[in-house]
Number of protein chains: 4
Amino acid sequence: MKNKPSLLLDFQRCRKYSVNICEPLAIEDYSLQAEVFTSPTKWHIAHTSWFFETFLIKPNVKNYKSPNEQYSVLFNSYYNAVGPQFPRNRRGLITRPTVTEVLEYRAHVDEHMLELLSNELTAEQEYLIRLGIAHEQQHQELFFTDLKYSLSFNPLFPTYQELPQKLQQQLFSKHTAQPLTWTSFDGGITEIGAANESFNFDNEGPRHKQWLEPFSLANRLVTNGEYMEFIADGGYRRPELWLSDGWALIQKEQWQKPLYWNDVDNVLHHYTLHGNQPINPDAPVCHLSGYEADAFASWCGARLPTEAEWENAAQSESVITEKSPVLTPKPLQENNSATITQLYQECWQWTSSSYSPYPGYQAAQGAVGEYNGKFMANQLVLRGSSCVTSENHARASYRNFFYPPDRWQFTGVRLAKSQ
Amino acid sequence: MKNKPSLLLDFQRCRKYSVNICEPLAIEDYSLQAEVFTSPTKWHIAHTSWFFETFLIKPNVKNYKSPNEQYSVLFNSYYNAVGPQFPRNRRGLITRPTVTEVLEYRAHVDEHMLELLSNELTAEQEYLIRLGIAHEQQHQELFFTDLKYSLSFNPLFPTYQELPQKLQQQLFSKHTAQPLTWTSFDGGITEIGAANESFNFDNEGPRHKQWLEPFSLANRLVTNGEYMEFIADGGYRRPELWLSDGWALIQKEQWQKPLYWNDVDNVLHHYTLHGNQPINPDAPVCHLSGYEADAFASWCGARLPTEAEWENAAQSESVITEKSPVLTPKPLQENNSATITQLYQECWQWTSSSYSPYPGYQAAQGAVGEYNGKFMANQLVLRGSSCVTSENHARASYRNFFYPPDRWQFTGVRLAKSQ
Amino acid sequence: MKNKPSLLLDFQRCRKYSVNICEPLAIEDYSLQAEVFTSPTKWHIAHTSWFFETFLIKPNVKNYKSPNEQYSVLFNSYYNAVGPQFPRNRRGLITRPTVTEVLEYRAHVDEHMLELLSNELTAEQEYLIRLGIAHEQQHQELFFTDLKYSLSFNPLFPTYQELPQKLQQQLFSKHTAQPLTWTSFDGGITEIGAANESFNFDNEGPRHKQWLEPFSLANRLVTNGEYMEFIADGGYRRPELWLSDGWALIQKEQWQKPLYWNDVDNVLHHYTLHGNQPINPDAPVCHLSGYEADAFASWCGARLPTEAEWENAAQSESVITEKSPVLTPKPLQENNSATITQLYQECWQWTSSSYSPYPGYQAAQGAVGEYNGKFMANQLVLRGSSCVTSENHARASYRNFFYPPDRWQFTGVRLAKSQ
Amino acid sequence: MKNKPSLLLDFQRCRKYSVNICEPLAIEDYSLQAEVFTSPTKWHIAHTSWFFETFLIKPNVKNYKSPNEQYSVLFNSYYNAVGPQFPRNRRGLITRPTVTEVLEYRAHVDEHMLELLSNELTAEQEYLIRLGIAHEQQHQELFFTDLKYSLSFNPLFPTYQELPQKLQQQLFSKHTAQPLTWTSFDGGITEIGAANESFNFDNEGPRHKQWLEPFSLANRLVTNGEYMEFIADGGYRRPELWLSDGWALIQKEQWQKPLYWNDVDNVLHHYTLHGNQPINPDAPVCHLSGYEADAFASWCGARLPTEAEWENAAQSESVITEKSPVLTPKPLQENNSATITQLYQECWQWTSSSYSPYPGYQAAQGAVGEYNGKFMANQLVLRGSSCVTSENHARASYRNFFYPPDRWQFTGVRLAKSQ
C-alpha cells in the first residue's frame, strides 16, 4: 500500500484541476456541443465522476445511493456492459441537471471516493483509481479541444481566457524555428510498448519486439510557415499528393487550410482559446487532419513516421532493463548529433500506423475492457502530446488515436524518411 | 395619434411578458436548441429586440449605436434585405452574448424605443410598432413550443413550472367532452380575410369573396380518446387512410402516436411543460402533424375543413359591413342550433388549404415584406389558436402556417364534411 | 355498348404507340433510371400492362395465369391495396425479365384484353379500360421525359432520334414570338372542373363554382430570350425574387439556369432527344421548376395564374350548358381582342394552386382510388399540355401535378396579373 | 526478350477470357450497377481496354486514334494524372456506347496491342503489359462479384448460369469440413513481401524483415455451420464481441446474417450466380464484412491473423534465397504436423492488418503510381484468394484490400491465436 498517500494526493489534485479549468466559463458555455464528436463541459465534469461512481463506488461502497438513478444513463459514454447510454449527439440538450447540480453530484462522488481511499485497497482497486485519474486527465484535454471547437462557430470569436498583452507577445515569440535537420537511426530489432512498471493504459502493452529498417526523423515539427508554402504551391489542388479518401474529403468539405485559420482584415489569424491571434510562421502547424499531414509529407518528399519509429526515437535516452534470452533489444542507435525536439507538449504527431492491438494484447476484464480495445479500427495512432495534454501523459509509449479526418485536436506533423 | 397611449402600454406589456415567462428557467435552458426548426429562448429574447432595433430604431434614431454590430447578423432570422444571417441550425451555439448581456441589449433597445414612442409617430411607424408587438407575441408562443420540444429529449422529463397538485387536477378535469355534433352551413358566396379595421398581418388580407359549397363543421375538437380509438383500429398501419407523403413519413420515422405521448409504468402519459401527465381522454388531441390530422379525418369518414369554411364559421356572429354592388356576402347561414366551441385557445386546427396569397395580396414594401409572403409554398394553413397563443391573436382571419410533417406546435383536429 | 368499337380501336392504337416509340432505342436504354423519380422504359412498358392485368383481367378472366407471379410486385407502382411493391429507386436493376420477356408479357396481356373487349362490358369495366388507356398515355409522356432525363447524364449527349437537318431548321424556326400582350377577364362566379360528359380523371371533378377577382393572362408563354434576360439581371442571385424554399433549393443545388441548358463552345445549347441543339430565343422556355417559374414572374412584376383563372380562360370559347337555379356561371368575359395562344402542346404551365381536392371530390372505390387522391399534398397544379403529351389530354379541366422543385417535365410559364 | 511469346499468349488468353465470361449475360445485364462500389460489366470490359490504350498504345503508337475521345473520360476509373473521370456512381447510366460498340472498342485496342507486341519491347513496356493483364484479371474477379451483387436485388433471383443438377450436387458435397486444428509457429524474424522475381504489384514489396511473436493458425476456414452457431448464440446482439464501429454499423444496417443468406420456405439458402442454393454447413462461410469476421473470432476466443502471420505460414514451404549479413530470415518453423488448407481459391481471408505501405515502398512513377498507393488508408488487408480470383494471383505475397464494412467480395475467416 506504499502508493496510497500519493494516490490520494493525485486523486485530489486531478479532481480539483477539472473544476479549476472551468472557472473562466459562463454558465451558458457548459452545455455547448457543436458536433457529435465533441462533448459539453458539463458532460465531461459529470462523466468523469460517473466513472469513479460506476467502477469504484458502486461495487465497493455498500448502500451507496446515487443522487439520481438516471445519471447512470446520461453520463455513460460508451460502456455497453454497464448499460444503455443517452445518445451522444444530444449531450448538448442536457440542461438539467444544471451546472450546480452536476457540481453537487461531483462532490457527492468525491466524498465517497475519499471514504474508499481511506481504506486499504486491493491492487485492482488501486489500478482502477489510477485509471480513473488518467481517464479524467484525458477528459481535461478534451475539455479544451471540445470547448475551442464549439466556441469557434460563434462569430464573436469568444475568448475562454483573455491574455495580458505582454504574455501574448511572449507566447507569440516563444517559437523560433530551428533549421530542419534529420536524425538517422540504424535498423534492427527494437522493443516498444509499456513495460508495466508504472501506470499505463492497456493499449500501450505488452512491450514487444519489432524490426525496424533504417530511418530518419526530423528534429522538429513542421511549422506554420512551411505549411503556408505547401498551400501556396497548390497543395490543396494537387490530387497526386493525397490519399484517395483524403482527396475525396477535401473536395467535399472544401478544405483549403488548417482548421481555425481565418482572415482578419487580410491578415491570416488562427482562432485560439485566447481569441483570434496572428499566426507565427515559426510555430508548429496545428489542427491538421491525418490526410493533410500525409499530403504535406508527400509534398516535401518525406513521409509520416510509424509509431514504432517514433517510440524508438523517443525512448532512445532511457535505459532498457528487460532481459531477453535471444536478443537484448534497445533503442536503435542514433547516428548523428541532432537533437529531436518538440516530442511533447506541442502537438500530437500523426503517424502512418493504424491503431491496432499489440501482439499479445488483452483488453482488461469487465466493462473497463471497453476503454480502448473496441476502438481498434479505422483510426490512426498519434504520438507525443499537446499543449493541453496532462504532463504525466507525456511518455514514449502513449498511444493516442483519432480518425484520419479529425482535426479538432491539437494535431501536427513530424516528418520521417526511409534511408 | 389617438392610439399612442395604448400603443405605449401594449409595447411595455408585451416586452415585459417576454421576460416574465423566462423566469422559471435555469440559465442553462436559455440556449437549448434540439432541432433546426426550434430556436433557443435566448435567441427569441434577442431577436424580438433586434426586430425593433432594425425596423424602428436604426431608421429613426440618429447616432444610434448598437451594443455589438455582430448582433445584426446573429439575431437576424431570415431577412435577406437586412443582411446576412447566422446559420439557423447553430443558434444553440451562441453562448455569448450571455443571458445577462442579451437582457442588457434588450434594455438598450427598450430605452430607445421609449424615446421613439415619446415622439409623434407616422402611420407607418405606428404600424411597424404594432407589427413588432405582434411579432414578439408570436415568438412568445414559440418560446413555449420550442422549449417544450427541446426539453423533451431529456430523460429526466424536466418541468418548466411545477403545478400545485390541486391545479393539476383542475387542469385535468377541465375537459369533459361533449358529444360530437355537426353544424351545417349553406353554400354560396361569402367573404373572408381581414378588412384592415384593426391591426392584422399582411397575409390576412385583402378581404375577398369566395364561393363555398354547403358544408358541416364539428362542434368541438377531436379528443385524445377518439384518437386512441384510431390507433387501436390500426390507424398507423393502414396505408389507405394516408396521403402518400404522409405514409412515407410515418414509415421512415416509425411514428405510432402523437408527439410527446409516452408510457410510464404502462400508463399513457404526455410530456408537458409541467412534466409528464396522465392523458385525459376528453381533452383535445394535440401535437399531431397535418398528415396525422388528415388520416384521422379519413378514418372517420370526414375531412379537414378548408380555411374559408373555418373562417366563415368563425365569423358567423359578426356583422359584415362592406358594401358590394353585386352581392352582399355575409357569413353563410348556420342551419342548426349546435354551437361551435373550442375555436380558440385550445389547439391550432389543421386545414386542407395550402398557404397561398389571397387574391390581390401585396407583401409590404421593404424588408418587412419578407415577413410572410416568401413562405407561401409547401405549407398548410392552421386556424384558431392554442393554449399558448397570445389572446389578441385569436381572430377569425388569423392564418397560421406550418409544414404538413410539423407537430411540435399545439396542433389538433376539427372535422368537416361536405353535404 | 355504343362506345365499344371505338374503345377497341383506342385500346389497340394506344398499346401499339407505346411499342412504336421504343423502336429507336438500343436494348441497353430500356433499363435506364437516373433518379428515383424517373422510371426505366422497360418498367413503363411492363407497368402499363400490369395495370390492365390487375384491374381488368384478373377480376374478369377466369383461370387467368400470369407469366410470372412476381410481376405483380415488380410492376406495381404504388397501389398498396393491390399488394407490396418493388422499391421504386431500384427499378433500373430489373434486367430480368429482359426486354423480350417484357414484350411477351405485354402480348400476353393484350391477348386477354382483346378477349375481354370482345364481350359485353359493364359501365365500370368500360371506365376502367378508358382509365387504363389514359394511364398508358400518361406513361407515354413519362417515357419521353424520363428517357431524356436519364440520357442527359451521358457526356456523349446521345440522341433518341436523329433529325434530318431540314426538319431541324423547321423545328428551330417554328417559334417566332409575338409581342407579349394581356387579355383581361372580368371577375365573378365561374365554374371549373369536368362535367363527366366524356372520360376524365377523378381529380378533374366535380364541376363546381368558384369566385374569381378580375385578372389578366399573357397571350403566350415566356420565351427563352426573356428568361435569359432574367438570368442576366441576376435572377438567380436575388433572394427577394424567390420563395424561401426555392431560394434554399437553388443555393443547395447551385442552379443558375434551366435544366438541360449547357455551353457548347461558348454557345448556349439545350440537350434534347435529338441531341444538343442551339437555343431559339423565341421558343417557350422549358424545364423550369415551380420555384423558377415563380421567381421569374416576380421579377417581371407579374405572378403565376391560379388553376381556376387558367381553366376559365381555356374554356372561354366553349358553351356551358349546366343549369343552376341561382346563377348561370359561364366563363368570365374577356375584355379585349388578344388571343391566348400556346395553351396546349408546348409546355405545362405552372400555376400557383396547390393540388388539392375539389369540393365534393370522392376518390374512386377500390385500389384505383389510389390513382390521384393520395397525392394531394405538397404538389402544385400545372395546366395545359406539352409537346410530348397525348393529344386527347389537351383539355381545359386536366390537372397535372408535380412538386415545386421538379423540372424534368416539359414545364414553362404563362404569366398572370391581378387587375 | 525471352518472355515475349508467353507475354503475347498471356495477353490473348486474358483478353479472351474477359469476353467469354460475359457470354451467359443478357444485353440488359451489362449495364447493371446497384451501388457506387460496383461497376457494370460493360464498364469493366471497356475500362480494361482503356488501360492498355492509355498506358501502352497512346504513348507508343504514333497517330493512334481512339474511336471516341470521350472514352478517355468515361472509362478512366480513378487516374487523376490521366485526366477527369465520369462520376463513379453513374456508370450504370452509360447505355451508350452500346455493348456492341464497346466490343468494337475492345477489338480496336487489341489490334493495336498486337501491333505493339510484335515489336521489341522495353522492360518498362513489358512490365506495363504484365500489369495490364494482372489488372484485367482483377476486373474479371470484380465482374463476378459486382454482377452477383447487382443481380441480387432482383426478387426473381436470376441465374448467371444454370448448373446441371448433378454438378450442383457435386458442388454441394465438395466441402466436408475437417475438424478444426491449430498449427503453431515459432516467433522470431521472418521476411515477407515479394522479391520481384516474377510479376507482382508494387504494393507487395519490398521484401522486408518482420519480427513475429509465436502464433497459431487454424488449419481451415470457418464454416457456415460454425457461423450459424455464432448467430444462434446471439452473436449479432452482443456488443462485447464487436469493434465499436462494427457494432454501430450492424445497428444501422440491421444486419443479422451474412450477405446473400435468405429464407426460402423456412430453409436457409444463399443467393449465388447459379441462383438460390441451400447452404452447406461444411463449406466456408463467405460474404462477411471485416467486422463480422472480427466479431466471430472474438466469440470463439481467437483473433484474425496479421498479414505477416498469414504470409509466413503461406510461404513456409518455399525456399528463401535472399542473403542478409546479419540474419537469415526464413519462414518461421511450424511446430506440429497439421496442414494448413484452403489458403487459396476459396475465400479471401480478412486480416487484422490495415493496408499500409511496406518499409521502403515506392509507388511506381507516373499515372500507374495511382494503382495502389493512394488507397493505403482505412482499409484492411485480405489474404489468399477466392473461387473467382485468377489462379495466378494465388501467391503468398498478394495483398487484397477492402474497407471493413465491405462484404460483396467472397470474404471469409481463418482464425489465429497468440500463444
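Copies are superposed by least squares on the C-alpha atoms of residues with pLDDT of at least 70 in both. This is a predicted model: local features need pLDDT of at least 70, side-chain atom pairs count only at pLDDT 80 or more, and totals for chains, interfaces and linings use all residues. Residues are numbered from 1 along each chain as its sequence is written, while chains are lettered from A and ligands numbered from 1 in the order in which they are written.

**Exercise 1. Find how chain D is laid on chain A.**

Step 1. Turn chain D by 180 degrees, with a shift of 0.0 Å along the axis. The RMSD to chain A is then 0.0 Å.

Step 2. Name the relation. The two copies are thus related as by a two-fold rotation axis.

Step 3. Check the surface. Of the contact residues of chain D, 100% recur in chain A, so the same surface serves both copies. Here, two residues are in contact if their C-beta atoms, placed from the backbone, lie within 7 Å.

**Exercise 2. Describe the side of chain D that touches chain A.**

Step 1. Count. Chain D gives 27 residues to the contact, and chain A gives 27 residues.

Step 2. Assign elements. β3 (208-212), α8 (244-253) and β8 (348-354) of chain D each supply at least two residues. β3(D) gives the most, with four residues. Strands (E, at least two residues) and helices (H or I, at least four) are DSSP runs, numbered from the N terminus.
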